[in-house]
Amino acid sequence: MIVAIIRKELSMLFISPLAWILLALMQLVLAWVFLVRLDAFLEIQSQLLQIANPPGITEIIISPLFAMAAIVLLMITPLLSMRLLAEERRNHTLALLISAPVSMTDIVLGKFLGLMVFFVAVITLIVALSLSLLMGGALDFGLLLSNAIGLFLLAACFAALGLYISSLTAQPVIAAIGALGALLGLWMIDLAAHETEGWSHYFSLQKHFGHFNQGLIDTLSITYFILFIVTFLVLTIRRLDGERLHG
Amino acid sequence: MFAVEYWLFLYADKSITTKKSLYVFMIEINLKSVNYWFLKRILRFVVIVRFSVGLNSPRTFVSRGLCMIDKTATITLSAQNLCRNYGSYAAVDKVSLQLRRGEVLGLLGSNGAGKTTTMRMLTGNLAPSAGSIEICGIDLLDKPQQAKAHLGFLPEIPPLYQDMTVDEYLLFAARLHCVSKQTVQTVLGNVKQRCGLEDRGKHLIGNLSKGFQQRVGIAQAIIHSPDVIILDEPTVGLDPNQIREIRKLIRELGVSSSVILSTHILSEVESVCDRVQIMHQGNMVLDETLVGLQQQGTPLETVFTQLTHRDE
């Protein structure tokens, strides 16, 4: 029962202080970025009025906020995903799930979706932060939506990769470091590819998120994200099945 | 003649040979039919058998479908020629097991004889290199989910989440085994009472003593009233009183389900089991009922020593 697994993952997440601390920390960082950008906007507001077709508050405040959120998510996802399978293996609780009438796919999807529910909560908080600007002016909802979708897909990619790396080891810490390394690697590709515009440019998650960040919902990026998620979920299922077959 | 007519939903794999067991079976159905998943399963495999019981004569009329199923169908678990290789090393080699409803089987063997590997294969935690496993007539390798619904498993190390309370954990186990929402609270109360956990519901599992953790492990394995219960060393680390209680519980479980238990304590087998199988270096070297052993007049300990020390 996939719902049972999602519920269990969420309750496990929220009975540990880790999830709360990460949520609080993330809110703190993002609220600070938000206020800094707001401050900057208020300073240059008078100058903006003099140019034709000036960027609005959405472009000046919210886009950088989501870009920052993407980096913060990159840092915290390994901490959340590390225990998903590594800890089950370490505590020998995987046997409970495997002997229950659920398929390997259900187990992996349940864990993945459980983490995604958490990320949806995170994104909702960021969107709520952005919506607070409605008190002082109008927002570009298209850009906000594109950013939210982009961040959701990006978080899903992080979660899928983290889940896969967690399935490789019995040590949560190693899973966390491995996932962080892999995610940083994918980010670095972006920085390296920035100049050359070569093939490696297509592999960077952050680069694809950049399109969403600018308000461009690109089907190529969506396809890449979905392929990335599916690939790592399938690899996780294969890994767990392989353990049953050969381990 | 006054005849009462019953409609009976029957699995293709379960059968009734005597009138007595028929009643037992009907009661079981009643208890379980509240479970939505069970109903669904029944509908899938259903063989509707109609029979009538005459009140004057205890004659039972059994339909054709029922007659076709012979006595062997009361077997709940059957494993044929199980093999498991790790590289070139054969941990388990051509082991066959059969278990009937209402039977407690003791699996004995020295360390590394392949007991745990066998049990992990029977519960789908490990795929056998060769051989077949059927649980209630459903092939474990072909239809793992349907077959596992009939299984309860307590591994050597109880699979417990230290951060959960006993109630949370058992509710999760119940949901995982598709116990319906309506019955889950009753089931939880029952299982806690059976395992002596009534006043521990709100305790964190991590704070419980080893004995209580073991009980939670057993509770988890029986919460969905499975047909086959597999317990890997259930009495390890318990004090003598707890051991006695757990043995009593296992005997109770053995009335309605089939139980396999592995252990190193020979007296446990003698007090709990109906049948004993001894494994040695991956092979099954003895399969005998305890009554049979008593008739031969050889104590279990002698048999065990003879069979597992023959190399030295």
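Two strands pair if DSSP finds at least two bridges between them. Helices (H or I, at least four residues) and strands (E, at least two) are DSSP runs, numbered from the N terminus.

This is a predicted model: local features need pLDDT of at least 70, side-chain atom pairs count only at pLDDT 80 or more, and totals for chains, interfaces and linings use all residues. Residues are numbered from 1 along each chain as its sequence is written, and chains are lettered from A and ligands numbered from 1 in the order in which they are written.

**Exercise 1. Describe the pairing of E6(B) with E7(B), and the turn between them.**

Step 1. Take the strands. E6(B) and strand E7 (residues 138-139) of chain B are antiparallel, with two bridges.

Step 2. Find the partners. B:Ile135 stands opposite B:Ile138. B:Glu134 has B:Asp139 as its bridge partner.

Step 3. Check burial. A residue is buried if 20 or more other C-beta atoms, placed from the backbone, lie within 10 Å of its own, exposed if 12 or fewer, and partly exposed in between. B:Cys136 has 24 C-beta neighbours inside 10 Å, so it counts as buried.

**Exercise 2. Give the strand order of the open sheet in chain B, and find its edges.**

Step 1. Write the order. Four strands run E4-E3-E6-E7, with antiparallel pairing.

Step 2. Strand E3 (residues 75-86) of chain B pairs with strand E6 (residues 130-135) of chain B over five bridges, in the antiparallel sense. B:Cys83 stands opposite B:Ala130.

Step 3. Name the edges. Strand E4 (89-100) and E7 of chain B each have a single partner strand, so one side of each is left without a neighbour in the sheet.

**Exercise 3. Where is B:Ser225, and is B:Ser225 buried or exposed?**

Step 1. B:Ser225 sits in the loop between helix H8 (210-222) and strand E9 (228-232) of chain B.

Step 2. Read phi. The value is positive, near 35 degrees, in a residue other than glycine.

Step 3. Count neighbours. B:Ser225 has 21 C-beta neighbours inside 10 Å, so it counts as buried.

**Exercise 4. Describe how H6(A) and H9(A) pack.**

Step 1. Two packed helices are described by the angle between their axes and the distance between the axes. Axes are lines fitted to C-alpha atoms, for helices over the stretch in contact, and angles run from 0 to 180 degrees between N-to-C directions.

Step 2. Read the values. Helix H6 (residues 141-168) of chain A and helix H9 (residues 219-246) of chain A make an angle of about 20 degrees, with axes 9 Å apart.

Step 3. Classify. Angles under 35 degrees count as roughly parallel, over 145 as roughly antiparallel, 65 to 115 as roughly perpendicular and the rest as oblique. H6(A) and H9(A) are therefore roughly parallel to each other.

**Exercise 5. How many residues of chain B are in contact with chain A, and which element gives the largest share?**

Step 1. Count. Residues are in contact if their C-beta atoms, placed from the backbone, lie within 7 Å. On this basis, 24 residues of chain B touch 19 residues of chain A.

Step 2. Find the elements. Helix H5 (144-148), strand E8 (151-154) and helix H6 (166-176) of chain B give two or more residues each. The largest share, four residues, comes from H6(B).

Technical notes
Contact = placed C-beta atoms within 7 Å.
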